[in-house]
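Morning, everyone. I have one structure to go through today, and I will keep it short. Here it is.

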Amino acid sequence: MIKTIGICKSFSDRKVLSGIDLDIKPGMIFGLLGPSGAGKTTLIKIITGQLAPDSGEVNVLGRNVSELTGEDKKKIGIMMDNHGMYDRMSCTDNLKIFADIYGVPYSEISRTLKEVGLGDAAKTPAMKLSKGMRARLHLARVLMISPKILFLDEPTSGLDPMTMKYIHKLITEQKDKGCTVFLTTHNMEEATVLCDEVALLNEGKIVERGAPDQVCRRYNHQKKINIHLVSGEDIELAHEAGSAEELEKLMSQGKIETIHSSEPTLETVFIELTGRKLDNGEEAQYA
Amino acid sequence: MRNIGVIIRKQLKDTIKNKTVLIQFVMFPVLTLIFEHAISIPDMPELFFTKLFSVMYMGMAPLTAVAAIISEEKEKNTLRVLMMANVKPWEYLAGIGIYVWTICMAGAGVMATSLPAGDVPFFLGVMATGFLISIAVGACVGIAAPNQMVSTSMVMPVMLVFSFAPMLAMFNDKIEKVAKIFYTQQIRMLLNNMTLDGIRPENIAVVAVNAVLALILFFAVFRRKGLEG
Ligand SMILES: Nc1ncnc2c1ncn2[C@@H]1O[C@H](COP(=O)(O)OP(=O)(O)O)[C@@H](O)[C@H]1O
Ligand SMILES: [Mg+2]
């Protein structure tokens with residue numbers, strides 16, 4: 001569905017992407033993870049033909065991206081955080097423009113607005129929408145065309161948890177309809193719950209890839225058990241047979257308040273691989 | 001082709017809500033109506049305000065409107081969304097051009113109400129040509145400017161020259177000599193005669209050269225920057 005071979009891209013003398021290979025199968029949600037500045041947006045722009053790579057090849061829908069026909073493009077929905085709305089126009093009028101361009105019947109407009117939870121805001125000018133509502137209007141614009149492929153660049157970045165959940169639900173529904181989803185995020189929780197496959201992007205290279213739980217298991221070499229005692233003390237035991245005796249003792253004495261085995265998350269995997277936190281930059285940005 | 005219609009409809013919907021563009025479209029037609037009916041000074045040439053204001057309208061409204069519309073769409077990245085939806089740059093530009101031209105012609109129609117009926121076709125024909133040149137110049141600015149602020153500051157001097165030169169030329173011979181190289185001044189001269197017989201080769205030549213230069217500039221800017229700069 002989406003295939004890239006050896007994508008490289010530099011801006012002036014700064015190398016942003018160096019040799020990105022991807023092969024995304026139809027009907028899956030693929031997540032590109034990386035801290036801000038990693039090159040996620042740049043890669044989406046290259047895959048969607050908005051930016052030419054210095055070298056490498058992009059195939060979308062089985063065709064080189066530069067050779068996509070008008071019909072092909074109508075099957076591709078793209079939501080980028082910097083893409084605008086017609087601010088003075090209402091939600092409905094905004095969608096009408098694109099319904100006209102894509103040849104989508106007007107009945108889809110109100111249906112999609114309800115689907116994204118903007119049914120009551122149909123007549124509100126886009127500039128009066130809250131950030132979360134605006135994100136949902138963006139989503140409505142791409143969902144309305146019933147895309148075969150959906151590109152979402154940080155679809156939930158900076159949104160409240162409620163809106164975030166809502167958008168996750170909408171994305172999953174698209175997958176259920178057979179849509180292939182390519183999303184970027186710096187939120188590893190999001191990637192874990194949403195994505196069938198992830199790739200971790202750092203300094204222009206993909207440093208790890210696979211299903212989220214697979215990736216995590218691959219890095220499960222710490223194998224620790226963390227115990228919080230009733231006394232308030234925290235202790236750490238190795239996750240192995242030798243710890244059984246100690247554990248049994250604590251347990252039978254009723255000293256244990258909570259007990260966890262430490263499985264790696266995408267976050268800890270990322271830190272281990274790169275030595276940097278995933279959402280550092282973004283936190284600063286939104287603080 | 002269908003996309004041209006989409007762009008025009010989008011603009012029509014936006015017009016009523018877009019005060020900065022709207023005011024450009026209605027200011028001179030309304031002023032003309034008021035001045036022609038309310039002010040009469042002895043010895044003032046016949047239809048003075050209609051003839052002066054229509055040329056100022058021509059040098060101002062299409063230019064600023066086109067530049068403002070294109071640069072706003074660039075700044076807010078709505079243009080990018082249209083392009084991703086497979087709207088071709090020429091479809092977009094044609095849509096904006098037709099829209100602005102049509103509205104300006106409606107404005108010219110309002111201004112023509114003071115004219116004798118027989119002069120109206122000549123007047124509208126001349127105005128139609130002038131609007132086209134102004135639209136091409138406005139598109140150059142819109143395409144060249146990366147955002148609305150730059151667009152406004154680029155459009156201002158151009159607009160002042162084209163729309164005020166014909167007025168200042170009335171008071172100063174030196175300015176008149178310079179102003180003659182601009183299409184707006186030539187069109188002002190055409191409107192003063194208001195007859196086909198009064199058209200001099202010089203008028204046609206200057207307007208044609210202006211038009212050709214505007215088109216060359218337009219294609220040059222478009223080739224260098226593309227629609228999205
Ligand atoms: N048009 C551009 N010109 C120069 N540098 C750019 C341009 N676009 C992006 N960059 C740089 O490329 C790097 C990656 O940017 P981006 O793809 O936006 O990262 P992400 O989306 O992962 O946050 C950043 O360092 C950014 O400054
Ligand atoms: Mg980004």
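Predicted model: local features only at pLDDT ≥ 70, side-chain atom pairs only at ≥ 80, totals over all residues.

Chain A has 287 residues, and 51% of them are buried. The secondary structure of chain A comes to 11 helices and 13 strands. If you take the C-alpha trace of chain A along its principal axes, the spans are about 70 × 45 × 35 Å.

On contacts, take those in chain A with a separation of 6 or more: 67% of them join residues 24 or more positions apart.

Now the surface. Chain A exposes about 13500 Å², and 50% of that area is supplied by carbon and sulfur atoms.

Next, the cores. How many residues does the largest nonpolar core have? The number is 121. The residues with the most contacts inside this core include A:F98, A:I101 and A:L137 from chain A, and B:L82, B:Y92, B:V100 and B:F123 from chain B. Helix α3 of chain B, residues 48-75, gives this core its largest share, 16 residues.

Let me stay with A:L137 for a moment. Leaving out neighbours within four places in sequence, A:L137 is in contact with A:M85, A:C91, A:L95, A:L113, A:L118, A:A126 and A:L129.

Technical notes: Residues numbered from 1 in each chain as written. Chains lettered and ligands numbered in written order. Heavy atoms only, no water. Core = buried A, V, L, I, M, F, W, Y, C linked by side-chain atoms within 4.5 Å. Buried < 20%, exposed > 50% of the residue type's maximum accessible area, 1.4 Å probe, protein only. Helix = DSSP H or I, 4+ residues; strand = E, 2+ residues; numbered from the N terminus. Contact = heavy atoms within 4.5 Å. Areas by Shrake-Rupley, 256 points an atom, 1.4 Å probe, with all protein chains shown as cover.
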